[in-house]
Amino acid sequence: MSTRRFDLIVFDWDGTLFDSTALIVRCIQDACRDVGAAVPSDTDAAYVIGLGLADALQHAAPGLPPERYPELANRYRHHWFARQDAVVLFPGTLEMLLDLRSRNHWIAVATGKSRRGLDEALRTSDLKAMFDGTRTADETASKPNPLMLEQLMREFGTEPERTLMIGDTTHDLLMAQNARVPGLGVSYGAHEPEAFAQYAPLHVAHSTRELHDWLLENA
């Protein structure tokens, strides 16, 4: 009988595995500037990370006329794809994923990125073969809707109590709560960890090394 607590471990991407928070903030701000919208603060721009692009931009630029959101999205994509090669995995991420695979966990990604964006990130980081399943916001529902997690659990035949969601935002933890899945927060991404407490995460890790150690001991 397996002694594992979790069969399926689901990671957010940006700010959890990929050190991209600062670049996403700058791209949101530059896109708002391009279309003449009020430029959000760093904190306000970081808050929307993890949501699907449409939801994120509506929160970041609430005063923009609705018909101009496609233009804002195009400008965001322009800035992101022009600079995405500047972002890298957090140190120790690859080793952590390899250790989890060696313990026969299923490993998946649930992200607010688009399918195109995630596939490109997986290609450039050479991690596509590392994950057993992935879901993006443009092919299902945006966080904190639980649909991404529900679909992954159906795909692998796992129950909520045997699934773990790991993310750097309250959107991740609320999605986990909505799916009745245990959640784990990381403090080195987009949201301040003080906001995590209301979602009762099993743990809040302050580095990839701490996350790695916790997973090996508790997952």
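Me: How much space lies in the largest pocket?

Reply: About 510 Å³ of space lies in the largest pocket, a volume being the space filled by probe spheres set on grid points that are joined across faces, edges and corners. This is a predicted model, in which local features need pLDDT of at least 70 and side-chain atom pairs count only at pLDDT 80 or more, while totals for chains, interfaces and linings use all residues. Residues are numbered from 1 along each chain as its sequence is written, and side-chain values use heavy atoms, with hydrogens and water left out.

Me: What makes a space a pocket or a cavity, and which residues are the closest to the centre of the largest pocket?

Reply: On a 1 Å grid over the protein atoms alone, a pocket is an open set of points with protein on both sides within 12 Å along at least five of seven lines, whereas a cavity is a set where a 1.4 Å probe fits but cannot get out; lining residues have an atom within 4 Å of a point. The largest pocket is lined by 29 residues, of which G52, L53, Y76, G112 and S114 are the closest to its centre. The most is given by α4, with seven residues, and at least two each come from α1 (21-34), α3 (53-60), α4 (69-83) and α6 (115-125), where helices (H or I, at least four residues) and strands (E, at least two) are DSSP runs numbered from the N terminus.

Me: Which residues line the largest cavity?

Reply: The lining consists of F18, W80, Q84, D85, V87, A121 and T124, and the volume of this cavity is about 30 Å³. A search of the whole structure finds one cavity of 30 Å³ or more.

Me: How do you know that the buried residues of α6 line one face of the helix?

Reply: Buried means under 20% relative accessible area, exposed over 50% and partly exposed in between, with a 1.4 Å probe and protein chains only. In α6 the buried residues are G117, L118, A121, L122 and S125. Seen down the helix axis, they fall within an arc of 130°, so they line one face of α6, the arc being that of the directions from the axis to the C-beta atoms. On the other side of α6, R116 and R123 are exposed.

Me: What is called a nonpolar core, and how many residues has the largest one?

Reply: The term covers a set of buried Ala, Val, Leu, Ile, Met, Phe, Trp, Tyr and Cys residues joined through side-chain atoms within 4.5 Å. The largest such core has 54 residues, and those with the most contacts inside it are F11, W13, L72, F131, I166, L211 and L215. Its largest share, seven residues, comes from α1. Apart from it lies another core of 14 residues, including V10, M148, F156 and V181.

Me: Why is D126 called exposed?

Reply: D126 has a relative accessibility of 68% and therefore counts as exposed. D126 lies in the loop between α6 and β3, and its phi is near 60°, a positive value in a residue other than glycine.
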